Amino acid sequence: MSIVMPVIVGAGPAGVRAAQALVAQGLRPVILDEGLRPGGQIYRQPPPGFSRSKSVLYGFEHRKADAVHRVMDGLLPKVDYRPGCLVWNVEGKTLDVLRDGVSTSVPYTHLILATGATDRVLPFPGWLTPGVYTLGGAQVALKHQGCAIGSRVAFLGTGPLLYLVAYQYAKAGAKVTAVLDTSRLGDRMAALPGMLRAPGLLAKGLYYMAWLRAHGVPLRSGVRPVGVQGKERVTGLSYSQGGPTRIVDCDAVAYGLALRSETQLASLVGCEFEFNIRDRNWTPRRDAAGRSSVSGVYVAGDGAAIGGADAAELAGERAALALLEDTGHTQDARRARTLEVRLAANGHVRAALERAFPFPEDWAAGIADDTVICRCEEVTAGTVREAVRDTAAQEMNRLKALTRVGMGRCQGRMCGVAAAEVLAHATGLPLAEVGRLRTQPPVKPIPVRVTCLERPKKVSA
């Protein structure tokens with residue numbers, strides 16, 4: 001049997017369960033974690049010495065969070081866990097990893113990408129004003145640092161995370177001035193039959209909404225933002241519900257339109273992609289076990305497609321079982337089938353959630369020409385539309401070459417969604433037909449001065 005050197009990128013629910021399955025068969029995977037402690041975003045752990053209990057930090061999910069943390073704690077002697085590591089490039093069978101200003105090379109024979117998700121945002125007037133955060137950023141501040149992003153916080157966007165984070169803020173004692181949902185009540189009613197497949201999830205969502213209402217938090221549906229008030233700092237948020245403009249008094253805004261998969265590493269390693277209609281995004285092509293189009297590379301969890309924490313645990317374990325099968329190790333075929341059945345059932349629930357909290361497809365039509373969509377290169381919506389009119393640009397990488405959208409520090413991670421939406425609307429093409437930005441390293445910003453250690457010799461699979 002050939003030497004197997006598995007590497008897992010990510011120590012959230014998917015990465016932890018993948019590691020658990022590999023260790024059970026005698027393998028010792030390397031786990032590269034951008035966080036300083038395992039748990040991922042959903043089960044993010046605060047720094048050592050933090051005094052708030054897990055029941056307060058994670059609410060209804062505290063037992064699941066504790067289970068993931070305990071599993072990882074038990075695995076630590078049996079894995080090579082490397083926290084605080086940013087995987088910023090892939091070349092051949094080697095990952096370039098940045099840690100404490102030093103870039104090292106980590107070889108692998110098999111790779112499980114459990115890279116998770118990030119916020120999906122679209123621009124609107126004032127969205128770059130200091131005090132506007134993504135929903136995920138607002139949650140990180142609360143979980144990891146025990147602080148709120150402001151003293152009077154308005155929540156804007158759509159998706160289950162909108163209500164969860166608003167509830168977490170209010171429970172922590174922060175003043176939540178409003179929850180402004182771009183979806184409509186009719187959307188949620190239409191999704192109700194599908195949501196009945198997951199009564200526990202439905203009950204939690206209804207509880208969050210009821211609790212917020214009972215504590216005096218206004219919940220508004222069918223909202224479109226008009227703009228952020230204030231120049232040096234947020235002083236309010238104006239919005240409409242199809243009528244006169246209203247203003248919410250706030251000094252911070254938490255904003256997000258559900259989530260999108262982090263797929264940059266899958267792109268760099270050479271995975272084929274396909275347009276995911278449900279997620280409105282390009283995601284790695286994979287089979288039911290998580291095998292990508294590249295031999296020895298597996299994708300799992302929200303980094304493969306948005307499915308939530310429970311699905312991530314299942315997908316991480318399933319990907320590990322596929323790796324074990326592919327390398328000639330013992331794996332439980334019955335368990336593998338069970339995991340696939342449960343993942344398929346979760347897919348039906350996610351479809352219902354997308355119906356309940358749909359992406360606001362009319363957004364691109366309403367973005368003013370002077371609204372910045374790429375903050376790094378200061379590219380506006382008008383610049384994109386002008387490129388379409390003057391050059392007949394119809395594809396994202398052509399647009400990038402003409403306007404520099406996606407060439408900045410984020411490499412299109414944040415602005416790519418908005419640019420694609422505006423381009424598709426301006427050309428009249430379906431979103432899938434304008435394509436996706438080709439990923440370039442580094443996948444996230446790295447210091448200008450980095451100490452690079454010598455690359456190790458190639459490892460044969």
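This is a predicted model: local features need pLDDT of at least 70, side-chain atom pairs count only at pLDDT 80 or more; totals for chains, interfaces and linings use all residues.
Student: What makes C410 count as buried or exposed?

Tutor: The relative accessible area decides: buried means under 20%, exposed over 50%, and partly exposed in between (1.4 Å probe, protein chains only). C410 has 13%, so it counts as buried. C376 has 33% and therefore counts as partly exposed.

Student: How do you know that E34 and K444 form a salt bridge?

Tutor: We look at their closest N and O atoms, which are 2.9 Å apart. The definition asks for a side-chain nitrogen of Lys or Arg within 4 Å of a carboxyl oxygen of Asp or Glu, so this pair qualifies. The two ends come from distant parts of the chain: E34 is in the loop between β2 and α2 (54-58), and K444 is in the loop between α14 (416-427) and β23 (451-452), 410 residues apart. E34 is partly exposed, at 44% relative accessibility.

Student: Which parts of the chain does the salt bridge between R224 and D362 link?

Tutor: First the distance: the closest N and O atoms of R224 and D362 are 3.0 Å apart, and they form a salt bridge. The pair links distant parts of the chain, with R224 in strand β13 (residues 224-229) and D362 in the loop between α10 (333-356) and α11 (363-366), 138 residues apart. R224 has a relative accessible area of 18% and is buried, whereas D362, with 42%, is partly exposed.

Student: What does the salt bridge of R385 and D369 tie together?

Tutor: Their side chains meet at 2.6 Å, N to O. R385 lies in helix α12 (residues 381-391) and D369 in the loop between α11 and β21 (372-374), so the pair ties together parts that are 16 residues apart in sequence. R385 is buried at 13%, while D369 is partly exposed at 43%. E386 also lies in helix α12, and it is partly exposed at 40%. The structure holds 26 salt bridges, and a network of them links E61, K64, K204 and D310.

Student: Why are β3 and β20 said to stand at the edges?

Tutor: Let us start with the names: helices (H or I, at least four residues) and strands (E, at least two) are DSSP runs, numbered from the N terminus. Two strands pair if DSSP finds at least two bridges between them. The open sheet has five strands in the order β3-β2-β1-β7-β20, with parallel pairing. β3 (80-82) and β20 (297-299) each have a single partner strand, so one side of each is left without a neighbour in the sheet.

Student: What makes β2 and β3 a pair?

Tutor: Three bridges join β2 (residues 30-32) to β3, and at least two are required, so the strands pair. V30 has D80 as its bridge partner in β3.

Student: How do you know that β14 and β15 pair as well?

Tutor: Four bridges join β14 (residues 236-240) to β15 (residues 246-249), and these strands run antiparallel. Y239 stands opposite R246 in β15. Their hairpin has five residues between the strands, and G242 takes a positive phi near 90° there.

Student: Why is M189 called exposed?

Tutor: M189 has 52% relative accessibility, so it counts as exposed. This residue is found in helix α6 (residues 185-195).

Methods. Residues are numbered from 1 along each chain as its sequence is written. Side-chain values use heavy atoms; hydrogens and water are left out.
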